[in-house]
Amino acid sequence: MRAERNRCVDLLRVGAIGAVVIGHWLLVDITYRGGLLSGRDALDLVGWGRWLTLLFQVMPVFFLVGGYANAVSWTAHRERGGGRPDWVRGRAGRLLWPVTAYVAVCVTAAAVARAAGVRPSVLASAGWAVALHLWFLPVYLLLVVLTPLLHAAHRRWGLAVPVVMAVAAAGVDTLVLGLRLPAVGLANYLLVWGSMHQWGFAWQSGTLTTPRWRCRALALAGAVVLGALVVWGPFPVDMIGAGARVRNTAPPSIALLAFAAAQTGLLLMAEPALQRLLTRPGPWARVSRLNRAVMTVYLWHMVPVIVVAVALYPTGLAPQPSVGSAVWLALRLPWLVLLGAVLVPLVLFLQWAQRPLRRLPAGLGPTGWWSPVLLVCGLGVLLPALSALAVRGFAPAGDLAARALLLYVVGLLATVCSGHGPPGRGRARGGGGAADLPSGSSPVRRKGSAYRPPRWIQCARRWYRATGGVTGALSAAGGAAAGGGSVGVSRGGWRPSAEYRVVAMLSTICCSVKFSEPGTWGTNPMSTPSPTISASSPDAPSRSHSASMPSSRTTLIPNS
């Protein structure tokens with residue numbers, strides 16, 4: 001049975017991506033001096049802006065809804081009898097295909113710019129700016145790989161799992177800050193973000209929201225711990241990463257986990273009100289449309305910054321006031337509007353251009369004992385390569401990151417060639433993936449899968465069968481009146497000849513094309529056909545139009 005979709009998950013995802021885009025656009029200050037185009041972090045120059053990070057730090061929301069979606073997807077996959085490698089390969093493929101397209105475009109642009117003689121420093125800055133936000137993907141993909149194990153731990157121990165992970169994260173911070181062991185801090189990428197991912201499991205199963213006081217307790221505990229760590233501890237109030245001695249995001253700290261707990265508790269407290277809002281058709285329709293573009297927006301939202309900077313700053317069309325001044329603050333709103341005007345048509349074009357990615361399979365080749373090993377090895381090579389691109393950019397020091405790109409390609413090929421899973425049975429509802437990404441399943445017909453032919457073939461088949469009934473009886477009556485003809489008799493009744501059936505089929509198809517509603521022909525072969533409108537339907541054409549239709553239309557058209 002298909003679970004009901006939690007619309008609040010989609011709303012939180014859309015709201016989070018909006019906060020990420022606005023936050024990145026506000027924090028980047030573009031400068032052009034001495035013929036060099038560069039950027040800097042505005043938080044380093046505006047002290048009071050660090051308090052705004054309490055509003056714009058929404059990455060915990062992504063891991064929360066990602067955990068919810070992975071719990072729904074993995075549970076449905078297990079109920080269908082699927083295995084771990086097939087699920088991991090499918091979820092990873094939904095992420096990697098659009099990411100690979102983005103990486104290919106950025107690398108091509110960097111290579112063209114380098115061949116055109118762009119200064120290495122400018123190329124390095126631009127390559128770093130469009131790759132920085134990719135850090136999220138290796139961490140999330142690692143949690144996807146571990147989801148079968150983490151979800152099993154959740155089913156057995158429940159909320160004790162994120163509690164233990166939080167205690168371990170506090171211990172890691174103690175080793176990093178007390179004993180000066182920075183390498184140990186890398187464990188918090190799994191412990192801190194993984195705790196939020198476990199909260200998503202608990203949200204999906206109801207253990208975090210039933211009874212409702214648990215949401216309030218989570219928010220209160222997070223706020224108290226965060227206040228204590230900021231006031232009496234070494235952690236800054238900035239939740240983005242800047243700090244004199246300690247950073248809250250690189251690596252993630254226990255203070256960021258406390259902030260995430262307060263944020264998650266508040267959002268889950270508001271869930272009933274948000275669900276009531278989304279029961280209205282208008283708000284839900286807008287959220288549903290925006291949700292389909294979340295991954296595209298996340299990947300490409302820094303491209304307008306580069307385009308506008310190259311177009312306006314070297315030409316002197318854009319002023320360059322000092323950061324934090326009244327003029328700089330006044331120009332923030334026009335800056336956001338201008339970047340939005342570039343992003344909207346870019347996303348619309350990319351949504352159209354990326355439609356072939358939905359046809360790409362998550363895996364290729366035969367499946368055997370080697371498939372899980374090859375899948376793990378492929379992701380084990382791909383994730384560090386993607387991390388290197390996020391840290392150093394696509395063109396460090398003005399040269400392409402050849403080693404990281406080579407490792408990425410090798411890891412991608414190993415992941416894709418680890419074998420194909422069972423035929424797709426559709427996605428479970430209840431919240432999509434990290435960004436409700438394009439499906440990794442292919443519409444190519446496979447043995448044992450449900451295949452729906454193009455709509456014109458379906459109509460032709462239905463009309464061909466229909467001509468053996470009504471038109472067959474009519475032709476039989478005409479043939480009997482004429483004293484013979486080509487109509488034959490069978491045990492089931494009158495049956496027209498093959499020639500008559502072909503002529504009747506072609507004529508009725510022409511009739512249906514003429515009088516069918518526009519937009520229903522030539523659609524996606526995998527889409528669900530729209531229901532036939534009968535003469536008694538409230539959506540039927542007007543009387544003046546239906547009067548010109550053949551009187552036998554509603555009799556001859558079978559309901560699909």
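The model is predicted, so I kept to pLDDT of at least 70 for local features and 80 or more for side-chain atom pairs, while totals for chains, interfaces and linings use all residues. Numbering runs from 1 along each chain as its sequence is written, and side-chain values use heavy atoms, with hydrogens and water left out.

Strands pair if DSSP finds at least two bridges between them. Helices (H or I, at least four residues) and strands (E, at least two) are DSSP runs numbered from the N terminus. Two residues sit between the strands of this hairpin, and Gly34 takes a positive phi near 65 degrees.

**Asn70.** I found Asn70 in helix 3 (residues 59-79). Asn70 counts as buried because its relative accessibility is 0%; the cut-offs are under 20% relative accessible area for buried, over 50% for exposed and in between for partly exposed (1.4 Å probe, protein chains only). Leaving out residues up to four places away in sequence, I listed its contacts as Trp87, Arg91, Tyr140, Val144, Thr147, His197 and Phe201. Contact means heavy atoms within 4.5 Å.

**Val416.** Helix 18 (residues 402-416) holds Val416, which is buried at 9% relative accessibility.

**Aromatic pairs.** I found 15 aromatic pairs in the structure. The rings of Trp135 and Trp193 have centres 5.6 Å apart and planes at 35 degrees, so this pair is tilted. Rings of Phe, Tyr and Trp (its six-membered ring) pair if their centres lie within 6.5 Å; planes under 30 degrees apart are stacked, over 60 edge-to-face and the rest tilted. Trp135 is in the loop between helix 5 (120-129) and helix 6 (136-157) and Trp193 in helix 8 (residues 188-205), so the pair ties together parts 58 residues apart in sequence. Trp135 is partly exposed at 28%, whereas Trp193 is buried at 1%.

I then looked up Tyr313 and Trp335, an edge-to-face pair with 6.4 Å centre to centre and 75 degrees between the planes. Tyr313 is buried at 8% relative accessibility, and Trp335 is buried with a relative accessible area of 8%.
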